[in-house]
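Hello,

Here is the structure I promised to hand over. Please open it first, then read my notes below.

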Amino acid sequence: MHDFKYVEGELFCEEMRVEEIAPKVGTPFYLYSSKTLVDHYRKLDKAFSSLPHLVCYSLKANSNLAMCKLLAQEGAGADVVSSGELFKALKAGMPAQRIVFAGVGKTEEEIEYALKAQILMLNVESVPELDLINEVAGRLGKKAQVSLRVNPDVDPQTHAYVATGRKENKFGLSMEVARELFERRAEFTHLKMVGVHAHIGSQITSVRPYVEALQKIVVFIKDLERGGIKLEYLNVGGGMGIVYETEIPSTAEEFARALLPLIKQVQAKVILEPGRFIVGNAGILVTRVLYVKKTAVKTFVIVDAGMNDLIRPSLYGTYHEIRPTSGRKGTMPESDKKLIVADIVGPICESGDFFARDREIPEVEGGQLLAIFGAGAYGFSMSSNYNCRPRPPEVLVKGDKFQVIREREKYEDLIRGEV
Ligand code: LLP
């Protein structure tokens, strides 16, 4: 599943000992495995190999250039939601003709940038947006390729903040409106409506909501076909879940097995937009214990990473496995010492700054290193400078070598652009 493994009680990333990297880069830091990243991409790519398909890696999960470049070398495209992400995807060598652009609030500048860069298509989420793209394309003398993002109104059974395919969510167009727009396509003289897009949510562990959504979309596309409208692309979005705790997410093969028969009914080229599935388990956050503080009611393990570095537990209440990076020589950390129940917290001035609450962990002391697992997706990409904390470096391991792929921010970075 990933390449972070304990060998004789010591945590390794591929063939690198985590404790060997820490003193060289300082803590906290993000640590990624190139092998895990590429393996996950390949799993998905292979699962869909029986059909013409395009895997557009979702940059919002982790947009580090080196990571994107590794995926570009594998043939990945990109799913972007801002001109900043588009800029990074192009910089990383992702071909424009494999880039799709989603999001409910694209600005005129972003639309212009995307059209000038000649990306594969924009995924359109509202009628005024469609009008604006038509207008901008006309001004630039271009024909813009677009897909309409539909909202299939299904329950993805995930955290409410990342459910995107229910009718009360801000995303996509209702099937009725989308149908009407396809029928009126001749009016949009500077557009080419080439496909349908749907993204129903994130960290979805079952294929069921996908099947439910796709069944509706297949009916929708067949209906269009009867009306003489033939689509080239079917974008099924991202959202495939990973293991953080005890989840049993569907595998790439299970996912493909459930979806392929439906997709084959409409003979469109399929686009996938996975983020977390590819990069989630390819990264950990390594942090050092500063203090262990015991109060009348709790034990707090205070570490040098904070919610500004990894906000997922604070924002969504999500679980991340946390383990010491080493135990006594030759033993697993858990068999080393007695277990304690503690809150693992950062230095930030908010009670919401925690990585785990009432968590059973081996007794730790100041100076020890902890690994926070499953931090490759929506870790660094959601980090901030809150409390004026320079953001941590990102480090990439390949075999028995590591490289800093983003430097730790300096104090100067904290005031850049300020007057
Ligand atoms: N495509 C679209 C249109 C999206 O909005 C997203 C994610 C993806 C693809 C990729 O989803 P993935 O395969 O990574 O699940 N910050 C949250 C997750 C937010 C997801 C937003 N949209 C978290 O930390 O769980």
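**Helix α1**

Helix α1 (residues 18-25) has V18, I21, A22 and V25 as its buried residues. Buried means under 20% relative accessible area, exposed means over 50%, and partly exposed lies in between (1.4 Å probe, protein chains only). Seen down the axis of α1, these buried residues fall within an arc of 110 degrees, so they line one face of the helix. The arc is taken over the directions from the helix axis to the C-beta atoms. An α-helix has 3.6 residues a turn, so residues three or four places apart point the same way. P23 and K24 are exposed, on the face of α1 turned away from its buried side. Just after α1 comes G26, with a positive phi of about 80 degrees.

Helices (H or I, at least four residues) and strands (E, at least two) are DSSP runs, numbered from the N terminus.

**What you are looking at**

This is a predicted model, with residues numbered from 1 along each chain as its sequence is written.

**The barrel**

Eight strands close into a barrel. Their order is β5-β6-β7-β8-β9-β10-β11-β12, and the pairing is parallel. Neighbouring strands of this sheet are turned by 30 degrees against each other on average, direction ignored. (Axes are lines fitted to C-alpha atoms, and angles run from 0 to 180 degrees between N-to-C directions.) Two strands pair if DSSP finds at least two bridges between them. Strands β6 (residues 77-80) and β7 (residues 99-101) pair over three bridges, in the parallel sense. I99 in β7 is the bridge partner of A78.

**The ligand site**

There are 18 residues around the ligand. S202, E273, R312, Y316 and Y378 come nearest. (A residue is near a molecule if one of its heavy atoms lies within 4 Å of it.) The side chain of Y378 has an N or O atom 2.6 Å from an oxygen atom of the ligand. A polar backbone atom of R276 is 2.8 Å from an oxygen atom of the ligand. H199 has a polar side-chain atom 3.5 Å from a nitrogen atom of the ligand.

E273 has another partner too: its side chain joins that of H197 in a polar contact of 3.1 Å. (A polar contact is a pair of N or O atoms within 3.5 Å; within protein, one must be able to donate a hydrogen and the other to accept it, and residues adjacent in sequence count only if both atoms are side-chain atoms.) H197 is found in strand β10 (residues 191-197). H197 is buried, at 0% relative accessibility.

**Salt bridges**

How many salt bridges does the structure hold? It holds 30. Each is a side-chain nitrogen of Lys or Arg within 4 Å of a carboxyl oxygen of Asp or Glu.

One of them joins R391 and E409 at 3.1 Å, N to O. R391 lies in the loop between β18 (369-372) and β19 (394-398), and E409 in the loop between β20 (401-406) and α13 (411-415), so the pair ties together parts that are 18 residues apart in sequence. R391 is buried at 18%, and E409 is buried at 11%. Salt bridges that share partners also join E108, E112, K116 and R139 into one network.

Notes. Predicted model: local features only at pLDDT ≥ 70, side-chain atom pairs only at ≥ 80, totals over all residues. Heavy atoms only, no water.
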